[in-house]
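Subject: Structure handover

Dear colleague,

Here is the structure I said I would pass on. My notes on what was found in it follow below.

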Amino acid sequence: MNKINTKLALKYRFFHPYQQQAIDPACCQFQIRTATSADLIDVAQIIAESFHSQKGMWGWAFPLLRLGIYEDLRHRMASPPLRHICLVAFEATTGAANNLVGSVELGVRYSDSWSQVGIGFPYLSNLAVHPKYRRNGVASGLLTSCEKVSREWGFQDLYLHVLENNHQARQLYFKAGYRVHKVESNWNTFLLGRSSQMFLHKHLSADSTI
């Protein structure tokens with residue numbers, strides 16, 4: 001019976017509207033740790049809200065997109081690559097230790113991504129913050145943690161992608177010291193009018209901070 005109830009609860013969370021409660025970020029402090037399997041539903045929710053709209057003609061697909069994100073995360077955490085980590089930011093206040101407010105992934109990519117050979121470089125992805133906690137230093141804290149991990153892995157550089165028309169994210173990364181390595185376009189850019197991607201790079205000094 002408990003297993004059935006758990007499955008029903010998971011199904012409800014993925015396929016019913018997500019209810020947000022009013023939050024006062026000014027009264028909260030945050031800490032960062034490595035994500036666990038118990039965090040995956042909340043991480044998938046935060047990522048989905050950050051990169052996919054719940055409004056308009058595609059709003060009906062939001063639960064399916066969120067479920068897809070969850071399954072991708074679950075697969076990566078079940079069999080993680082040698083150098084891969086998912087970090088989560090959570091409230092450090094009493095009674096709120098499981099209230100996740102942001103997440104990010106860091107891994108190593110290779111010049112030949114299929115065979116994972118060639119020059120490896122640390123790559124940051126899926127940086128996302130709960131809408132109620134944005135502009136309160138959560139994203140900057142997650143970036144700082146990724147830079148620390150990257151240096152611990154023996155790297156002195158860090159890379160990421162951002163959409164050229166995502167001005168808020170670009171401002172965050174430029175303020176953090178990232179610079180444009182190159183601008184990438186593909187057939188979606190020309191045929192569907194979608195934004196180009198900017199490949200950003202930051203050189204990490206020994207005491208690099210935001």
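Which exposed residues does the face of H3 turned away from its buried side carry? They are His75 and Ala78. Before the rest, some ground rules. This is a predicted model, in which local features need pLDDT of at least 70 and side-chain atom pairs count only at pLDDT 80 or more, while totals for chains, interfaces and linings use all residues. Residues are numbered from 1 along each chain as its sequence is written, and side-chain values use heavy atoms, with hydrogens and water left out.

Helix H3

Helices (H or I, at least four residues) and strands (E, at least two) are DSSP runs, numbered from the N terminus. H3 has 17 residues and reaches 24 Å from its first C-alpha to its last, close to the 24 Å expected at 1.5 Å a residue; the expected span is 1.5 Å times one less than the number of residues. Its buried residues are Phe62, Pro63, Arg66, Ile69, Tyr70 and Leu73. Seen down the axis of H3, these fall within an arc of 120°, so they line one face of the helix. The arc is that of the directions from the helix axis to the C-beta atoms. Buried means under 20% relative accessible area and exposed over 50%, with partly exposed in between (1.4 Å probe, protein chains only).

Arg66 has a relative accessible area of 1%. Arg66 and Ile47 are 19 residues apart in sequence and 7.9 Å apart in space, C-alpha to C-alpha.

Strands

S7 (residues 197–203) pairs with S5 (residues 157–163) in the antiparallel sense over seven bridges, and Leu158 has Lys202 as its bridge partner in S7. S6 (residues 179–184) also runs antiparallel to S7, joined by five bridges; here Glu184 is partnered by Gln197. Two strands pair if DSSP finds at least two bridges between them.

Largest pocket

The largest pocket holds about 1,500 Å³ of space. Of the 46 residues that line this pocket, the closest to its centre are Phe51, Leu127, Asn166, Ala169 and Tyr173. A pocket is an open set of points on a 1 Å grid over the protein atoms alone, where a 1.4 Å probe fits, with protein on both sides within 12 Å along at least five of seven lines; lining residues have an atom within 4 Å of a point. The volume is the space filled by probe spheres set on the points, which are joined across faces, edges and corners.

S4 (117–129) gives the largest share of the lining, seven residues.

Regards
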